[in-house]
Amino acid sequence: MNYSKVDSYSKHRHVQHNAALQTLSLLDGHWRDGDVVLDVGCGTGDETKMIAEMDNVSSVIDVDVLTQMIEYAKKHNKITGKMEYLHADVCTLVEDHPQLCNRFTKVVSFFCFHRFENQKDALKNVYACLSDGGECAIHVVYKSAAKDTNKQMNRHEKWKHQLQGFNDGLYMFPGSPEEFAESVRECGFTEVKCYSGDMTIIYSAEQMKGNSMNTLSYFDNISNTTREFLLIRSYDVHAA
Ligand SMILES: C[S@@+](CC[C@H](N)C(=O)[O-])C[C@H]1O[C@@H](n2cnc3c(N)ncnc32)[C@H](O)[C@@H]1O
């Protein structure tokens with residue numbers, strides 16, 4: 001995904017927004033006065049701002065590995081005095097920022113675990129950041145049409161040369177949701193509940209294009225002139 005085009009990502013994050021709302025609803029009834037929240041891979045910070053606006057929440061720290069995301073989030077989604085943005089890698093979070101250890105009563109993460117090559121490192125860091133009795137709601141993509149399309153495009157006679165050696169940076173958890181839950185337990189979490197479901201979203205053509213431009217990350221690797229055509233072709237491959 002081309003996160004340097006954060007404006008475009010922000011406009012076309014319908015799937016992410018829906019996923020975040022669904023994940024957040026798992027915490028309904030769990031919010032407590034004085035909650036201190038960590039948002040892992042906060043991106044543009046839209047939902048983190050929603051969380052910070054809740055009366056029970058005393059403060060939120062948003063972490064993202066991309067400076068462009070952090071800069072965008074600071075500019076567009078900040079509540080001074082309640083929200084803090086930190087440029088950091090969740091996979092080495094506690095080592096790099098030991099002050100975050102045991103600090104949070106809640107951790108949330110929406111739509112970004114598939115961006116971590118080593119999800120267990122991320123989970124261990126999240127666990128270390130939680131205080132005793134802390135709770136966590138993580139959204140994990142374990143199958144994705146975008147990943148399937150990328151694979152097919154990489155094998156496609158017409159495109160495979162342009163896409164050679166390209167890593168799309170999507171690391172879907174290879175096992176079932178239950179196996180993911182087991183990994184979560186292995187990182188120290190207790191009382192793990194795992195919900196799985198398909199997300200079907202109806203797009204307008206414009207929304208579909210914008211979202212695909214974000215998701216089909218190889219668009220940055222090819223010339224501008226072939227982008228539109230590749231996008232249309234990737235729809236065909238995906239629909240096939
Ligand atoms: C698909 S975006 C989701 C962003 C946001 N949570 C949302 O719902 O729109 C994935 C985010 O994870 C961030 N990310 C990827 N690897 C990361 C890492 N190792 N540590 C922290 N953030 C990371 C990316 O920079 C990106 O902002």
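Reply: Start at Q99. This residue counts as exposed, because 7 C-beta neighbours lie inside 10 Å and the cut-off for exposed is 12 or fewer. Note that the model is predicted. Q99 sits in the loop between α5 (93-96) and β4 (104-109). Across space, the C-alpha of Q99 is 9.0 Å from that of C129, though 30 residues separate the two in sequence.

β4 pairs with two strands. Strand β1 (residues 35-40) runs parallel to β4, over 3 bridges. Within that pairing, V37 has K106 of β4 as its bridge partner. Strand β5 (residues 130-138) is also parallel to β4, joined by 5 bridges. Here K106 is bridged to E135 of β5.

Now the connection. β4, helix α6 (residues 119-129) and β5 form a β-α-β unit, and the unit is right-handed.

Next, the core. The largest nonpolar core has 40 residues, and L38, V107 and V126 touch the most other members. Leaving out residues up to four places away in sequence, V126 touches V40, V107 and C136.

Last, the ligand. Its shell has 21 residues, of which G41, G43, V65, C112 and R115 come nearest. Two elements give two or more residues to this shell: α2 (14-25) and β2 (57-64). By class, the shell holds 13 nonpolar, 4 polar and 4 charged residues.

Definitions and conventions. Residues are numbered from 1 along each chain as its sequence is written. This is a predicted model: local features need pLDDT of at least 70, side-chain atom pairs count only at pLDDT 80 or more; totals for chains, interfaces and linings use all residues. Helices (H or I, at least four residues) and strands (E, at least two) are DSSP runs, numbered from the N terminus. A residue is buried if 20 or more other C-beta atoms lie within 10 Å of its own, exposed if 12 or fewer, and partly exposed in between; C-beta atoms are placed from the backbone. A nonpolar core is a set of buried Ala, Val, Leu, Ile, Met, Phe, Trp, Tyr and Cys residues joined through C-beta atoms within 7 Å. Two residues are in contact if their C-beta atoms, placed from the backbone, lie within 7 Å. A residue is near a molecule or strand if its C-beta atom, placed from the backbone, lies within 6 Å of it. Ala, Val, Leu, Ile, Met, Phe, Trp, Tyr, Cys and Pro count as nonpolar, Asp, Glu, Lys and Arg as charged, and the others, Gly among them, as polar. Two strands pair if DSSP finds at least two bridges between them. A crossover is right-handed if, with the strands pointing away from the viewer, the path from the first strand over the helix to the second runs clockwise.
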